[in-house]
Amino acid sequence: EAATCKYSTTPGVSYAGMINTFSITGSTAHSHLLTGLINGNYNYYVKCKDLSNNANPGDYVIAFSVDTVLPVITNGQPTGTLPAGTTSTALSANTNEAAICKYSLTPGTSYASMTNTFATTGGTAHTNPIFGLINGNYNYYVKCKDIPNNANTNDYVISFIIGFPDAIPPVLSNGLPTGTITTTSTTLSL
């Protein structure tokens, strides 16, 4: 039925004692724009009064939380140089909250457009085996999305190298003895 609705951030306040009236009210649908919300939990206690002055005796609770914080990605692995001839390894990373992580070989790919989801993900530790590697440089671009759907917009880069086999012979120098020696034995040294 048609009613006028008010709200409070304190439970148990009477309808008459509530000072916040919904900005759109008076019919059967009611709404009010809340601004200035910060990360945290919110409870709004609502009461309405109909045209016959019957007010709700109990609170109708609207509870929600605000989370605008992106997951923080750390400890990407592998790093540095892996031995020449390595053909597989595991990508891994950690997040500071439960999240689903994906990766791309193309920088700047949006989370939604990434098609490679880590094989183990959903918590705070994320891993994925990768195969078919050859000697060279690798960059994997990682993004994660937390449970409230906050997705990273910047790439977290996992970079590593699979070492090239050493194809350069050693440099020899300072060979001894030199010239003419006058003994029947000597030590060769470099």
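A disulfide is a pair of cysteine sulfur atoms within 2.5 Å. Keep that in mind for the views below, which all come from a predicted model.

**Figure 1. Two disulfides, paired in sequence order.** The structure holds 2 disulfides. Number the bonded cysteines along the chain, and the pairing reads 1-2, 3-4. The bonds themselves are Cys5 with Cys48, and Cys101 with Cys144. The next two legends take them in turn.

**Figure 2. A close-up of the Cys5–Cys48 disulfide.** Here the sulfur atoms of Cys5 and Cys48 sit 1.8 Å apart. The torsion about their S-S bond is about 105°, so this disulfide is right-handed. It links distant parts of the chain: Cys5 belongs to strand β1 (residues 3-8), while Cys48 belongs to strand β3 (residues 40-50), 43 residues apart.

Figure 3. Cys101 lies in strand β8 (residues 99-104) and Cys144 in strand β11 (residues 136-146), so the bond ties together parts that are 43 residues apart in sequence. How accessible is Cys101? Its relative accessibility is 0%, so Cys101 counts as buried. Cys144 also has 0% relative accessibility, and so it counts as buried.

**Figure 4. Ser92 and the residues around it.** This view picks out Ser92, which has its place in strand β7 (residues 89-95). With a relative accessible area of 17%, Ser92 is buried, because the cut-off for that word is under 20%. Which residues does Ser92 touch, once its neighbours within four places in sequence are left aside? The contacts are Asn75, Gly76, Gln77, Phe118, His126, Thr127 and Ile158. Take His126 from that list: it is 34 residues from Ser92 along the chain, yet their C-alpha atoms are separated by 5.4 Å.

Figure 5. Read from the N terminus, the elements go β-β-β-β-β-β-β-β-β-β-β-β. Consider the contacts between residues at least 6 apart in sequence: 61% of them join residues at least 24 apart.

**Figure 6. The whole chain, for orientation.** The C-alpha trace spans about 125 × 30 × 25 Å along its principal axes. A compact globule of 190 residues would have a radius of gyration near 16 Å, but this chain has 33 Å. Of its 190 residues, 29% count as buried.

**Figure 7. Surface and charges.** As for charge, the chain carries 6 positive and 8 negative side chains. The centres of those two sets lie 9 Å apart.

Terms used: Residues numbered from 1 in each chain as written. Predicted model: local features only at pLDDT ≥ 70, side-chain atom pairs only at ≥ 80, totals over all residues. Heavy atoms only, no water. Helix = DSSP H or I, 4+ residues; strand = E, 2+ residues; numbered from the N terminus. Buried < 20%, exposed > 50% of the residue type's maximum accessible area, 1.4 Å probe, protein only. Rg over C-alpha atoms; globule rule 2.2 N^0.38 Å. Contact = heavy atoms within 4.5 Å. Lys, Arg positive; Asp, Glu negative; His and termini not counted. Charge placed at Lys NZ, Arg CZ, Asp CG, Glu CD.
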